Amino acid sequence: MASKETCRTELRSAVRLLSDRCLYSASKWAAEQLMGIEQDPAKYTPSHTRFQRGSSSIRRRFRTAASGDSSATPSGGVSYVATPLMAGVEEYDYAAVDNDFYLLAKSYFDCREYRRAAHVLRDQISKKAIFLRCYALYLDGVEEVKML
């Protein structure tokens with residue numbers, strides 16, 4: 001029997017390869033399987049294992065801007081999405097688990113499940129994840145307007 005880490009590595013590779021071949025449903029399935037493999041609690045904090053423990057007790061890893069903070073709102077208008085501020089974390093200093101969340105969200109995004117993609121990325125603070133979350137929320141709003 002292969003180790004859990006070997007299975008995770010193979011699933012990560014499968015998600016990328018399937019997505020590259022536009023097999024989005026298969027990529028989504030592989031990403032969901034990847035997130036379903038239980039993480040080693042000694043290596044990862046509870047926020048990384050939210051799919052196994054439930055998402056209600058997640059501790060946020062970033063702080064949102066206060067209402068009086070001028071950096072939270074663009075000078076040209078009102079922002080309806082609170083953008084998390086980087087709390088002293090380098091952009092590329094993330095564990096493989098953070099990348100797993102991104103892979104899952106990207107597979108949802110490719111299947112046009114924008115709200116699910118945004119939900120998966122709600123606690124992620126990398127620039128790529130924040131962009132994909134905001135873009136997914138935008139596209140979700142556009143889809144709702146088209147249905148009216």
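**Helices**

I began with the secondary structure and counted 6 helices and 0 strands in the protein chain. Read along the sequence, the pattern is α-α-α-α-α-α. I note here that this is a predicted model.

I then looked up the overall figures. The protein chain has 148 residues, and buried residues make up 34% of them. The chain exposes about 9600 Å². Carbon and sulfur atoms supply 55% of that area. I also checked contacts between residues at least 6 apart in sequence: 60% of them join residues at least 24 apart.

I went through the salt bridges next. The count comes to 8. I followed some of them in turn.

Glu5 and Arg8 meet through their side chains, at 2.9 Å from N to O. Both sit in helix 1, which covers residues 4-20. They are 3 residues apart, so about one helical turn separates them. I noted the general rule alongside: an α-helix has 3.6 residues a turn, so residues three or four places apart point the same way.

Are the two partners buried or exposed? Glu5 is partly exposed, with a relative accessible area of 33%. Arg8 counts as buried at 5% relative accessibility. The cut-off for buried is under 20%.

Next I looked up Arg12. Its salt bridge partner is Asp100, and the closest N and O atoms are 2.6 Å apart. Arg12 lies in helix 1 and Asp100 in helix 4 (residues 96-110), so this pair ties together parts that are 88 residues apart in sequence. Arg12 is buried, at 9% relative accessibility. Asp100 is buried too, with a relative accessible area of 0%.

Which residues are linked in a network of salt bridges? I found Glu5, Arg8, Arg12 and Asp100 in it.

**Further along helix 4**

I stayed with helix 4 for another pair. Lys106 and Asp110 form a salt bridge of 2.8 Å, N to O. They are 4 residues apart in this helix, about one turn. Lys106 is partly exposed, with a relative accessible area of 29%. Asp110 is buried at 18%. I wrote down the limit again, under 20% for buried.

**Ala30 in helix 2**

I picked Ala30 to see what lies around it. Ala30 belongs to helix 2, residues 24-36. Its relative accessible area is 2%, so Ala30 counts as buried.

What is Ala30 in contact with, leaving aside its neighbours within four places in sequence? I listed Leu11, Ala14, Val15 and Leu18. I checked one of these by its backbone.

**Two loops with positive phi**

I looked for backbone angles worth a note. Cys22 has a phi near 60 degrees, a positive value in a residue other than glycine. Cys22 sits in the loop between helix 1 and helix 2.

Arg112 is another entry. Its phi is positive, about 60 degrees, although it is not a glycine. Arg112 lies in the loop between helix 4 and helix 5 (114-120). I looked up its accessibility as well: Arg112 counts as exposed, at 66%.

**Cysteines**

How many disulfides does the structure hold? I found 0. Cys7 is partly exposed at 29% relative accessibility. Cys134 is partly exposed at 28%.

**Helix 6**

Helix 6 has 21 residues. From its first C-alpha to its last it reaches 30 Å, close to the 30 Å expected at 1.5 Å a residue.

Which residues of helix 6 are buried? My list reads Ala129, Ile130, Leu132, Ala136, Leu139 and Asp140.

I then turned to the surface. Phe131, Tyr135 and Tyr138 make a nonpolar patch of about 360 Å². Tyr138 counts as exposed because its relative accessibility is 51%, and the cut-off for exposed is over 50%.

Definitions and conventions. Residues numbered from 1 in each chain as written. Predicted model: local features only at pLDDT ≥ 70, side-chain atom pairs only at ≥ 80, totals over all residues. Heavy atoms only, no water. Patch = residues over 30% accessible without salt bridge, like charges linked within 9 Å, V, L, I, M, F, W, Y side chains within 5 Å. Areas by Shrake-Rupley, 256 points an atom, 1.4 Å probe, with all protein chains shown as cover. Salt bridge = Lys/Arg side-chain N within 4 Å of Asp/Glu carboxyl O. Buried < 20%, exposed > 50% of the residue type's maximum accessible area, 1.4 Å probe, protein only. Contact = heavy atoms within 4.5 Å. Expected span 1.5 Å × (residues − 1). Disulfide = S-S within 2.5 Å.
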